[in-house]
Amino acid sequence: MIRKRYHLAAFAAVGTLVLVSCGSDDDKASDTTKAAAATTAAPTATTTAETSGGSTDTTTAETTESTGEATETTTEATEATEETTEPTDAETTVATEAPSEAWTVDTSECSDPDAAEAPIEGELTIGAAQPLSGTPAVAFSPVKDGFELYLKYANDNNLLEGITLKSDIKDDQYDATQTPGVVDSLIDDGVNIFSGIIGTPNNLAVRDTLNEECIPQLLNLTGAPDWGNDVASYPWTTGALVPYDIEARIYATTLKGLIGEGGTVGLFTVNSEFGKTYADAFKAAAADAGLEIVDEQTIEPAEEAPPTNQIGAIAADKPDAIMAVPLGAQCPTFLKELVNAKAANTDWNPVVFQTNTCASRLLISLLAGDAGNGVYTSTNLIDPVDPANAANPGVKTLVDAYTAAGLKGDLATTAVGWTVAEDTVAILKKAQESGTLSRKSIIEAARNLTFTPSLALPGVEYKMNGEEDGYSFQTLQVEQWDQPSNLFKNIGTPDSSSES
Amino acid sequence: MPTTRRAIRESSPLHWGIRTMGVAAIAFIAIYLASTAKPSTLGNITEACTLAIAAVGLNLLFGFNGQISIGHSTFAGLAAFTAGYTVNAWEWNPYVSLVVGLILCFLLGLALGLPALRLKGPYLALVTLAVAFVWPTIAAKFLDQKVKASTLKGTKLEPLSWTGLSVKGKDARLDKAIFLYWAAIVILVVSYVIVRNLRKSRIGRALVAVRDNETAAAVMGVNLKLTKTVTFGISAAIAGASGWITAARLATMDETTFTILSSIKYLLALFLGGAATLVGPIVGAFAYFFVDDYLKEHAPEWDWLPGPLSKGPVASFLLGVLVIAFVFVAPFGIVGFVKDQVRKVFVIAPRPLRPAPSTAEQAMPTTEEPRPADQGPETQGRVDT
């Protein structure tokens with residue numbers, strides 16, 4: 001009897017664990033998709049600007065010549081778009097105007113100030129904690145491939161003279177309770193800097209430690225406003241994605257154009273920090289835009305069942321539009337459930353916006369199918385999957401490297417990792433140009449840099465200016481999914497109104 | 001074929017010698033690691049201890065008292081949030097927050113023990129499952145309305161001055177890791193001792209009696225209501241201690257820190273090590289944690305796995321398969337399996353009966369867990385004393 005009870009209980013527990021993990025083993029997913037966070041990131045390559053540490057206002061030109069192909073391709077890409085806001089030069093990385101006094105970091109409070117200023121020579125290791133197993137890995141694992149791919153490209157082309165780049169990316173399963181352990185072990189292993197840690201709670205979980213140790217925590221792959229709103233307290237931490245509040249405001253503005261002032265909106269958000277940030281920002285922006293929120297529904301982060309009741313409640317109010325902020329697999333289930341609600345209310349056909357964390361082919365096309373057709377979202381990167389972009393030099397470089405490496409993950413998500421690595425290398429290059437490559441010079445370079453990634457859409461650039469501007473990217477392009485062509489279509493021009 | 005086994009008399013000098021050596025070996029390893037290990041290794045052990053503490057608490061409830069709970073993550077969450085909030089918002093001493101957290105968990109455990117008086121097995125599991133599902137919502141509301149932020153800061157437990165460990169400077173990260181490591185070990189040992197002493201006492205015999213046959217236990221005078229609710233309370237408080245360590249370890253917490261998955265991990269640790277054994281939950285927690293850690297580190301690089309598993313995100317899947325396989329091979333967990341193997345070589349013979357046991361003691365049910373190996377003909381072999 002006892003044996004039977006143990007068996008039953010053990011199997012129940014194990015069964016649940018396996019169910020939880022099963023999502024990651026969808027072989028369709030493993031070789032087709034993933035993009036989730038993807039669309040946002042953004043990286044480097046063309047224009048390196050302004051100052052280099054210290055108080056010089058001069059700019060460095062010719063530096064780019066040595067970057068070889070990467071620079072050339074990016075420049076060509078920029079020319080091809082003919083809309084770049086930054087003046088570009090085919091052969092220079094350019095140095096543009098610099099703030100009168102470049103931001104510097106104080107290392108006196110570091111646990112080991114000498115280590116923070118010690119020169120890094122020979123080999124530089126970049127660490128990160130990312131979901132490499134479990135359900136979230138389905139969407140995020142190609143980021144690692146893209147990151148490593150660009151580092152190989154940088155090493156092959158000697159983009160950082162005298163420095164060999166290495167990466168050490170470990171699995172935290174997107175579980176913030178595991179991230180401190182992963183980061184601790186990476187620090188013990190001698191990682192010099194961190195770049196591209198995925199997830200808001202995951203980055204928050206290690207922010208204090210990395211700031212106390214004075215180890216740069218660059219380009220967090222999350223759009224939480226935390227990465228740029230308190231530079232004085234957390235000087236060693238920066239973000240890579242457009243802050244969620246800016247994204248929400250851009251959606252509200254676009255919606256006003258689509259449904260007119262006084263239009264009604266239903267709000268569907270995940271009940272988490274991520275959803276709350278969006279909801280608060282969107283409500284404020286909607287009020288400014290003269291839109292009326294007629295219903296608000298939430299879904300729990302761990303909920304996997306279709307949101308039938310929530311969509312039913314929104315459908316009862318028949319708003320002109322829905323702003324949806326679901327999480328991961330909730331993106332397609334929301335879209336499918338919405339189709340059912342529309343079928344039951346044939347006179348109701350709302351405009352639908354989804355956060356760009358849903359903007360992947362896996363979530364919109366493969367999992368939601370026709371239900372995803374017409375949904376609006378946003379990006380700031382060129383879509384490398386779109387045949388129209390095949391001739392773009394930045395895309396070509398990525399695709400060539402991707403093909404040569406025999407990768408199979410979603411190309412668009414791989415592009416995110418590629419871009420983050422490209423940004424990181426641009427920061428390192430600027431730090432190297434300052435005279436000494438150290439943790440101190442790296443974070444100072446990161447916060448005093450203007451740079452256009454090779455896959456950036458026109459008008460998109462990495463731009464940080466000390467405490468005055470703590471956000472790297474603030475421009476987004478609204479786009480709409482077209483299921484028949486299996487492509488995103490740009491709506492209007494990129495919104496740069498939040499750039500400072 | 002009959003086997004010849006050596007018997008060691010319980011509480012004999014030899015038995016005490018073996019026990020003492022075992023404890024000394026564990027203490028030596030603990031001290032050695034604190035002196036030599038890197039912060040990340042100490043952090044991993046601390047995390048494994050956290051899991052072990054919760055599993056020890058769950059073992060008291062399920063292993064010895066037969067009440068299943070899938071809601072222990074809620075108790076851990078309650079204590080962690082209590083600590084995080086009182087330390088950061090009210091500037092309480094973290095150790096005071098520990099005491100308050102344990103009391104709250106005990107009271108919540110008592111309350112949850114009430115439905116357990118009428119529910120058993122899967123029905124009780126469902127009630128506790130609901131509690132586990134409700135916790136993230138409560139936590140999110142709390143963060144929204146009380147903390148006014150998306151996350152709650154941890155307690156940042158710093159080394160006490162008398163330890164000589166530094167709070168700032170070059171060695172601060174290592175010293176903080178060492179302090180947290182010892183804090184987790186102390187709490188784990190205290191939890192173990194509480195459960196062990198309960199188990200070995202009259203109360204423990206009542207717990208097991210209730211587990212095995214409630215009616216018989218009631219007939220023999222065991223207060224079912226008191227026994228079941230208080231056990232739930234103590235078990236919840238121990239899980240709360242685990243949550244307090246988590247609050248000390250993490251920089252931030254939110255509604256996703258303690259989910260149903262945490263409860264499932266506690267259960268897995270318990271079954272892997274061996275429910276209803278005293279050291280089983282600890283062994284299981286360490287085995288689970290470090291196997292999981294190993295798979296996460298190495299599985300993504302394994303290209304020898306077939307088809308889509310090759311170099312894929314399969315660590316969790318492999319862990320599940322391993323646990324299923326292990327349950328088939330060793331249904332009583334690692335400790336049960338090892339005991340069965342050791343029993344083939346020698347046995348611990350019980351102490352001789354006391355001269356004049358009381359009537360009540362005679363009526364108490366056996367405290368020994370029934371084991372197939374104890375009942376088969378193999379165990380009838382010659383015993384050398």
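Predicted model: local features only at pLDDT ≥ 70, side-chain atom pairs only at ≥ 80, totals over all residues.
In chain B, helix α3 (residues 72–89) and helix α4 (residues 94–116) have axes that come within 8 Å and cross at roughly 145°. The crossing of α3(B) and α4(B) is right-handed. On the α3(B) side, the contact includes B:F75, B:L78, B:A79 and B:V87, and on the α4(B) side it includes B:P94, B:L98, B:L104 and B:L108. The residues of this contact divide into twelve nonpolar, five polar and no charged.

Let me remain with chain B for a second pair of helices. Helix α10 (residues 260–273) and helix α11 (residues 280–298) of chain B cross at roughly 115°, and their axes come within 6 Å. That angle makes α10(B) roughly perpendicular to α11(B). The crossing in which α10(B) passes α11(B) is right-handed. Which residues meet here? From α10(B) there are B:K265, B:L268, B:A269, B:L270, B:F271, B:L272 and B:G273, and from α11(B) there are B:G280, B:P281, B:I282, B:V283, B:G284, B:A285, B:A287 and B:Y288. By class, the contact of α10(B) with α11(B) has eleven nonpolar, three polar and one charged residues.

I turn now to a contact between the two chains. Helix α6 of chain A (residues 179–188) packs with helix α2 of chain B (residues 39–63) at an angle of about 160°, and their axes are 8 Å apart. This makes α6(A) roughly antiparallel to α2(B). The two helices, α6(A) and α2(B), cross in a left-handed sense. In α6(A), the residues of the contact are A:P180, A:G181, A:D184, A:S185 and A:D188; they meet B:P39, B:S40, B:G43, B:N44 and B:E47 in α2(B). How many residues of each class does the contact of α6(A) with α2(B) have? There are two nonpolar, five polar and three charged residues.

The helix α6(A) also leads us to the strands of chain A. It lies across β1 (122–130) and β2 of that chain, and runs at about 170° to β1(A).

As a general point, strands of a sheet pair through backbone hydrogen bonds, either parallel or antiparallel. In chain A, five strands form an open sheet with parallel pairing, in the order β2-β1-β3-β4-β5. Which strands stand at the edges? They are β2 (163–171) and β5 (237–239) of chain A, each with a single partner strand, so one side of each is left without a neighbour in the sheet. On average, and with direction ignored, neighbouring strands of this sheet are turned by 20° against each other.

Let us follow part of that order. Strand β3 (residues 193–195) of chain A is paired with β4(A) in the parallel sense over two bridges, and A:S195 stands opposite A:L218 in β4(A). Together, β3(A), helix α7 (residues 200–213) of chain A and β4(A) make a right-handed β-α-β unit. Strand β4 (residues 217–220) of chain A is in turn joined to β5(A) by two bridges, and these strands run parallel. Here A:N220 has A:G239 in β5(A) as its bridge partner.

Strand β6 (residues 264–270) and strand β7 (residues 292–299) of chain A pair in the parallel sense over seven bridges. The bridge partner of A:T264 in β7(A) is A:E292.

The last pair consists of strand β8 (residues 321–325) and strand β9 (residues 351–354) of chain A, which pair in the parallel sense over four bridges. Within this pair, A:A324 stands opposite A:Q354 in β9(A). Which helix does the chain pass through from β8(A) to β9(A)? It is helix α11 (residues 330–344) of chain A, and this β-α-β crossover is right-handed.

Technical notes
Residues numbered from 1 in each chain as written. Chains lettered and ligands numbered in written order. Axes fitted to C-alpha atoms, helices over the stretch in contact; angles between N-to-C directions. Parallel < 35°, antiparallel > 145°, perpendicular 65-115°, else oblique. Left-handed = near helix turned anticlockwise from the far one by under 90°. Contact = placed C-beta atoms within 7 Å. Nonpolar A, V, L, I, M, F, W, Y, C, P; charged D, E, K, R; others polar. Pairing = 2+ DSSP bridges. Right-handed = clockwise from strand over helix to strand, strands pointing away.
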